[in-house]
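Let's take a friendly walk through a protein model, one spot at a time. Keep the picture open beside you as you read.

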Amino acid sequence: MKLKLHSNAGFDFGNSELDAYVNGVLIAQPNVFAVAGKNPWSDDDLDVKKNLSNIYDNMVVSIISGAVRTNMYAVGRHALKTYGENVTSLYVKGNNAKSDQEVPYVSSLAVLAAQAVEEANRSGANVNEIELTVDMATALPVKQHMPTNIDTMKKKFMDDTHTVSVHLGLTKKVDVKIKFEYVHILQEGTPPVFALQMDQNGDWRTGGYNPASNENDLFTEFAKIYDLPADTDGSYLDGKNLLHVDLGDGTLDDPFTRGDSVDKDFCSGVNHGVGHAIADSIDDLLDLAPHVFNSLSRQQYSDILRSQYSGRKHKFLPEALSAFRPHCENQVNQILKHIADQILKIGANEIDIVPVYGGGSILMRDYLEPKLKQLCDDSRIQLFYVPAKYAVTLNAEGLDFFVHSDIYKALKSQAVTVAAPIAEKTKKQIAAAKEQ
């Protein structure tokens, strides 16, 4: 049986984690893949049932696409669990643009296909093939957000129909043919302009992006620090000038926004972040715990550090923190220097608030917040350090808000209108060539 579906998707391709909203539902995965030598499933009964009930933990797909090499891939948590440090992740050093690496394409195609299979399974239909059309918004780091990279990423998504086979069992698979109707690429750091102010329903935000969460603590700590009303919500940011500090694993993006508009004269970014500190810490941790780890990936090290915020702390968290601390301090010093330079460049009087968020902001908070607070106090700027439970997904939430917005619809309509005469001209050129 064949099924036709459509997805609206916002993808945040983090250097460590992929956060995506697909049809309004958040999907979070380690942003990694491994080429699989064979189908890992051995049964068409137990495996299919297990994989359909927990599809994102067991993503194994075969991809035929112009965007990536034709291969079978283990993706996300299954790749990390099965292949450990032998996974492919985004390369955070040097000038390797995300648009030129395979990770964003493999991860997004796998997640979109898995979500389509999950949706088909919920309908109760026995589906073997799905035709999926997609409207998508994503983002590139500020320093990579240039016409060549934007064009590369758009073409890789939009110029081809991608066939993704989702392997559910030994022989059971579902073929998902994915066609992107339109893809818009923003600068990383700008989607939170939407997400910090509005929730999923378009109301002023108080807590979780999904209002059904009934959370209202997004601004609680910020309001106490600056003696604001207890019911402060997203409307407080409306119309204010924000110097964003979006701390990822490999990059810091700090666009400057006036109200809802980005001031492109002051959009900047540097290749500093917690991922660099972790990468530099790995050998030190292996020396501190030589009988425990044979080798370690950046994602595995990150998981150890993140365990300090969970109910089950890793046994070797003290050693991991000890190895991490000096390298994190080095990254923090570089980040502070850059932010101080930006404040001088823009002018302290022009900046109302510095919001800090992103996955890197959590692990760096103990080292960064006190120094950054002093810098902001000296400049009479308010510091809004976004709580950890909201910090990671702001980009994905902003992209989800954007892909449902009238702005996206207008951009898509304009792109289709421009593409139509080009396509017609191409057809005429082909016809003329055939006649010669």
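D135 sits in strand β8; strands (E, at least two residues) and helices (H or I, at least four) are DSSP runs, numbered from the N terminus. This is a predicted model, in which local features need pLDDT of at least 70 and side-chain atom pairs count only at pLDDT 80 or more, while totals for chains, interfaces and linings use all residues. Residues are numbered from 1 along each chain as its sequence is written, and side-chain values use heavy atoms, with hydrogens and water left out.

D135 counts as buried because its relative accessibility is 6% (buried means under 20% relative accessible area, exposed over 50%, partly exposed in between, with a 1.4 Å probe and protein chains only). Beyond its neighbours within four places in sequence, D135 is in contact (heavy atoms within 4.5 Å) with residues including H6, E181 and V403. Its side chain also makes polar contacts with the side chains of Y408, at 3.2 Å, and K412, at 3.0 Å. A polar contact is a pair of N or O atoms within 3.5 Å; within protein, one must be able to donate a hydrogen and the other to accept it, and residues adjacent in sequence count only if both atoms are side-chain atoms.

Now find Q144, in the loop between β8 (129-140) and α4 (147-158). Is Q144 buried or exposed? With 14% relative accessibility, Q144 counts as buried. The Q144 side chain reaches the backbone nitrogen of K98 at 2.7 Å, and among the residues that Q144 touches are N96, A97 and N149.
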